[in-house]
Amino acid sequence: MMHCLADKQLIQHLLQLDQGHLFSSWPPPGQVDDQKQKLVQQLGHLDASYNGGLVAYIKNAKQLLQDSREGKNPFEGYIPEVPDGERMDFGSKLFVEHERQGVKAAGHAAFVLVAGGLGERLGYSGIKLALPVDCASNKCFLQVYIESILALQNKASAERGEPVKLEMVIMTSDDTYSRTQALLDDHSYFGMQRNQLHLLKQEKVACLTDNAAHLALEKDDPYVVQRKPHGHGDVHALLHSTGLVKKWQQNGIQWVCFFQDTNGLVFRALPAALGVSSKFGYDVNSLAVPRKAKEAIGGIARLRHQDGRCMTINVEYNQLDPLLRATGNGQGDVNNEEGWSPYPGNINQLILKVDSYVKSLEETQGIIAEFVNPKYKDPSKTDFKSSTRLECMMQDYPKALPPSAAVGFTVVNQVWSTYSPVKNNPADALAKVQAGGPSHSATTGELDIYQVNCRALQMLGVHVEGPQQATFNGLHLDLYPRVTWSPSFAMTVDDLKGRFPCPDQVHIGQDAMLYINHADVQVLSLDLRGALVVEGQQDVDITIDGLQVDNAGWQWHALQDTDNSEEHQKIRGFTVIKLETEKISFSNPASFTVPEAPKASEPDQEQAESARGATESKEGDLTTSSRQQAQEGKHSLSSGAEHSSPVESKPRESNTSETDFVRRLVHGIMTKAAAEAKGASAETKEAEKLAADAAKSPKPKDEVALKKGTTGAAKGSEATPGHVVPAAESAEAGDKHARTEESKPSGSPKKGTKKAKTDTAETATDNGSAKGLDSAVGGTLKPSSPKKGGAPASKEVEPAAEVKAAAPSSPKKATPSSPKKKGIAEKVEDAVKKA
């Protein structure tokens with residue numbers, strides 16, 4: 001009965017507000033009563049979900065629509081001024097100082113992700129949080145955000161000496177709530193405990209058809225009111241109504257960090273911005289970017305009213321320039337001598353002080369000032385092109401603060417280091433670039449991650465080769481080496497310094513791909529000219545010292561309009577073809593050095609041979625003792641947690657002479673076969689000689705891989721005596737030789753053993769296409785040549801004492817298959833079996 005009375009009262013109120021059109025087409029009672037009831041129930045829901053109900057919504061809408069039609073200036077009487085804030089260069093001394101302070105402040109922070117939108121505007125049918133951030137890691141935005149918060153949580157726990165739990169809120173909508181929940185469930189919340197993460201849902205509001213604020217009905221269903229999102233300003237009301245902010249305050253939380261759903265670089269700047277908030281005690285701190293005058297992005301300005309009121313707020317770009325001109329600045333919004341507007345660009349990433357936030361929420365219930373933005377059909381401003389609605393934005397929160405509130409901004413001067421959102425589909429992105437603006441596309445969103453990582457390493461002193469020029473979806477871009485890592489590996493500049501303590505001993509080639517997905521990895525010396533993936537389970541320490549990787553790597557291949565690709569590939573304009581990958585992976589809790597060094601207790605002869613092999617390896621490397629000093633001394637890890645210094649893993653036991661016999665036998669067979677294919681009798685004699693001498697002079701089991709330039713078969717039919725020819729490499733295959741990693745697969749039944757898992761010529765386009773797989777490796781897939789104890793790709797490695805032989809590596813360059821090469825491979829397999 002009460003429900004019926006409430007419905008009747010609501011209908012009466014709506015009729016009084018000139019909303020009779022909602023019911024004018026109803027047929028007599030008894031006809032489609034279920035449809036009528038559906039409309040009444042929806043009206044009741046809209047009434048309950050808006051502060052003040054539908055009556056307040058319609059009254060607010062009428063006033064705002066009248067102001068819009070009359071062209072009323074919402075900032076009438078205000079004079080804009082340049083606000084207070086902190087500007088810094090990425091990686092500078094000031095940046096690092098703020099970053100250090102911000103990491104400490106992060107231990108007393110909560111994080112709020114605003115994610116109410118779908119990816120339809122991008123050309124992606126899923127929720128934007130599920131979109132991969134980059135193709136090297138293939139991690140989605142939500143995973144990267146959660147891992148970043150967990151990395152800050154680990155730092156806070158290490159600093160305090162006790163477990164710390166940082167909480168996260170995700171504000172969703174009707175469109176994204178269930179799919180966000182499913183994404184979390186399917187991936188076990190990406191490592192975050194369920195009680196740390198709160199999933200909230202904002203409601204939509206009714207649409208309006210005209211200046212009289214008539215509620216809009218769906219065109220194909222007169223019993224349904226059109227609804228649209230109310231804007232991300234609803235997050236403040238939701239946080240208040242759930243009591244979360246009050247609880248955070250009681251638990252010692254001092255800061256709340258708000259960020260958007262598709263900016264993969266936000267956590268590169270957020271620690272430094274937190275440091276600024278902590279240093280200056282800002283009630284509101286906007287993480288902003290440099291902005292060109294009149295650029296289509298809101299500017300942050302201090303507005304001082306004639307009556308003495310003052311506030312620092314975002315002013316939309318189409319309002320800022322007219323406001324400046326109307327208040328005595330005849331030039332309006334212009335660039336300064338450095339080429340930037342003095343009013344930084346708002347990117348809707350905020351840090352609020354909890355104490356003042358709680359007080360404001362209690363006074364306002366979290367209600368943010370609304371606005372309306374109708375699209376009129378003509379200058380008369382009478383009819384709309386389409387329905388509109390009232391909106392509110394979370395960055396307008398400072399309007400509710402007293403003039404005494406401390407409101408500032410943080411700007412990192414290099415936009416590429418902090419802000420590269422994924423907002424536009426390929427066509428719109430290209431149009432924006434042609435108009436002189438940034439594309440803000442999935443293409444640049446990924447490539448900017450590689451850029452900031454490479455530039456950060458270059459700042460440390462790592463030799464990272466410059467970018468290539470590439471064109472994807474019509475955008476001409478810099479394609480840096482594809483370098484990325486998990487947040488647990490490095491969150492700050494200090495982290496990177498600890499991970500790369502000898503930066504001058506690290507070289508990353510122009511077309512390299514490096515992905516480090518583990519916390520406890522230290523790179524002392526590395527020469528990377530291909531694809532390298534480093535992974536490890538908990539309590540595994542990995543040190544990379546003297547590793548050389550030279551394989552075919554991964555290719556970022558531009559797509560054509562006719563290509564049948566997945567959505568996330570099309571909106572980027574490329575797919576990734578994985579030709580060869582060296583993968584280092586350990587699961588047994590211990591410390592490992594890659595490549596492994598020989599045991600000090602080996603027989604004298606083997607020691608001498610090992611020393612000779614080390615001399616033949618890469619010249620100019622740091623000595624083992626100097627590297628140990630780097631690990632144990634001033635170059636200790638800087639993540640705040642204690643780490644044991646990585647130590648060399650135990651060398652494997654093997655039959656050196658027998659293994660060497662197989663190596664030389666394989667060498668002889670292949671050299672002979674290559675010579676026969678070209679009719680070169682001199683080479684045949686040399687091969688026979690090498691095969692005959694195969695068992696005469698064994699080399700140590702820990703023999704390191706020959707340095708680049710002395711491995712692989714030379715072009716043509718010539719084979720240099722004493723040089724290793726890969727099994728799947730024909731005389732025409734070139735001089736590239738891929739190393740085989742030593743790795744242990746996750747979940748391996750033999751703890752402590754490792755798995756050589758070189759993905760040779762995996763033409764793994766992300767859509768699963770295997771096109772070109774055979775041709776990429778000359779007709780057959782062959783494992784890479786292992787280091788000691790190695791094994792063919794994708795096969796379990798038995799204990800070292802049982803290892804009898806190892807197959808050589810596959811070629812780097814793609815060559816067509818041929819019967820001759822297949823025969824060579826069979827001879828090699830026969831030789832290994834006989835041994």
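Me: Is Cys502 buried or exposed?
Reply: Happy to start there. Burial goes by relative accessible area with a 1.4 Å probe on protein chains only: buried is under 20%, exposed is over 50%, and partly exposed lies in between. Cys502 has a relative accessibility of 7%, so it counts as buried.

Me: How many disulfides does a search of the whole structure find?
Reply: This is a predicted model, where local features need pLDDT of at least 70, side-chain atom pairs count only at pLDDT 80 or more, and totals for chains, interfaces and linings use all residues. Side-chain values use heavy atoms, without hydrogens and water, and residues are numbered from 1 along each chain as its sequence is written. A disulfide here is a pair of cysteine sulfur atoms within 2.5 Å. With that cut-off, the number found in the whole structure is zero.

Me: What is the phi of Asp539, and where does Asp539 lie?
Reply: Most residues other than glycine have a negative phi. Asp539 is not a glycine, yet its phi is positive, at about 65°. Its place is the loop between strand E27 (531-536) and strand E28 (540-550); strands (E, at least two residues) and helices (H or I, at least four) are DSSP runs numbered from the N terminus.

Me: Which residue forms a cis peptide bond with Val594?
Reply: Most peptide bonds are trans. Here omega is about -5°.
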